[in-house]
Amino acid sequence: MFFYMLRVSMKRKKGEDPEGNKWAKSLKKIKGVKVSMFEKSVSKMKLSDLMKATNNFSKHSIIRSGKTGTTYKAMLEDNTLLMVERLQGSRHFEKEVMSEMATLGRVKHRNLVPLLGFCMAKKERLLVYKYMPNGILHDHLHSLDDPNDAMEWTLRLKIGIGAARGLAWLHHNYNRRIIHRNISSKCILLDADFEPQISDFGLARFMNPIDIHLNTSVNGEFGDLGYVAPEYARTLVATRKGDVYSFGVVLLELVTGERPTQVSKAPESFKGNLVEWITELSNSSQLQDAVDRFLVGKGIDDEVFKVLKVACSCVLPAPKERPTMFEVYQFLRAIGLVPFVD
């Protein structure tokens, strides 16, 4: 883990397009700044190397854009691949941010994206992560060029179990009991073996609270549209049970293949989201109609329906009625007959 502070005066227009790279052009003026990664598998580099590796943070290098920031693919001259995330604007003091990054850099788990480094350039915060070659879960579920390339069930279940393991560890095993706040299929990345790794954990606190609350009509502070637990509108407080709700939506995506806010199989008259559609089907004993058509008739109906029931328990309206993430992990690994792994 490293920390290197760059005291450079830079100005950034409020509301600048997150895919724009005007901010990056300011960084090009910085010469000879060394960045030490402190990871044996990653070579030493300069900030200018990151600039070159991302083509000056070009929009063509973007892997994903989320509530916490925009992530870019970076290829170094030695062909090492990394991910660099530019955090959204933050009003936190530098010492506070550095302290939090030091803590997050020590968080290590097989189902969490490892944070390799951190750099501050005045208002800019750049985080360096290990590259995940199979991208994000969201794209495998919702952005297929050929629908026939839909994920097999064994892979979907593997991803659900691994992601549950990582989130349960954050909630129950790590000494700080981290609440993620932004769980979605866009923050679950997949390594070379399609092992899921959760990103963006612990980063929501760095977002500008003013900008957040300007957007609450569209997005909740603690999640994207379709993932936010219903109690947030009343309490405005992030909780572990709120994470459970968001994870339940991810499980629904895995089982149904539907987006959180758009349900293609629902009647044209239906205007609700995925959770509301599932609730309607459950109330009318038609849950079987929710299953992704690519999973039907494969001899896995029992497993699929069990996962669907777990998902339904996660998105119950009352937080107290939802299971804990540790219980969700136990339920899922029992369905997949996976040995317990801490």
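Let's start with strands 4 and 5: residues 62–65 and residues 69–75 pair in the antiparallel sense, over 3 bridges. Keep in mind that this is a predicted model. The link from strand 4 to strand 5 is a hairpin of 3 residues. If you want a landmark on your screen, find R64, which stands opposite T71 of strand 5. And a reminder while you look at the side chains there: in a regular strand, they alternate between the two faces of the sheet.

Now let's zoom out to the chain. How many helices and strands does the protein chain have? There are 11 helices and 10 strands. Of the 342 residues, 51% are buried. The chain exposes about 16,600 Å², and 51% of that comes from carbon and sulfur atoms. As for contacts with a separation of 6 or more, 65% of them join residues 24 or more positions apart.

My last stop is D191. Where is D191 found? Look in the loop between strand 9, at 188–190, and strand 10, at 196–198. Here is the part I'd like you to see: D191 is buried, yet it has no salt bridge. The nearest side chain of opposite charge belongs to K130, 5.9 Å away, and a salt bridge would need the charged atoms within 4 Å.

So what does lie around D191? A polar atom of the D191 side chain is 2.8 Å from the backbone nitrogen of E195. Leaving out residues up to four places away in sequence, D191 touches M132, P133, N134 and Q197. Thanks, everyone!

How values were computed: Residues are numbered from 1 along each chain as its sequence is written. This is a predicted model: local features need pLDDT of at least 70, side-chain atom pairs count only at pLDDT 80 or more; totals for chains, interfaces and linings use all residues. Side-chain values use heavy atoms; hydrogens and water are left out. Two strands pair if DSSP finds at least two bridges between them. Helices (H or I, at least four residues) and strands (E, at least two) are DSSP runs, numbered from the N terminus. Buried means under 20% relative accessible area, exposed over 50%, partly exposed in between (1.4 Å probe, protein chains only). Contact means heavy atoms within 4.5 Å. Accessible areas come from the Shrake-Rupley method with a 1.4 Å probe; for residues, only the protein chains shown count as cover. Lys and Arg count as positive and Asp and Glu as negative; His and the chain ends are not counted. A polar contact is a pair of N or O atoms within 3.5 Å; within protein, one must be able to donate a hydrogen and the other to accept it, and residues adjacent in sequence count only if both atoms are side-chain atoms.
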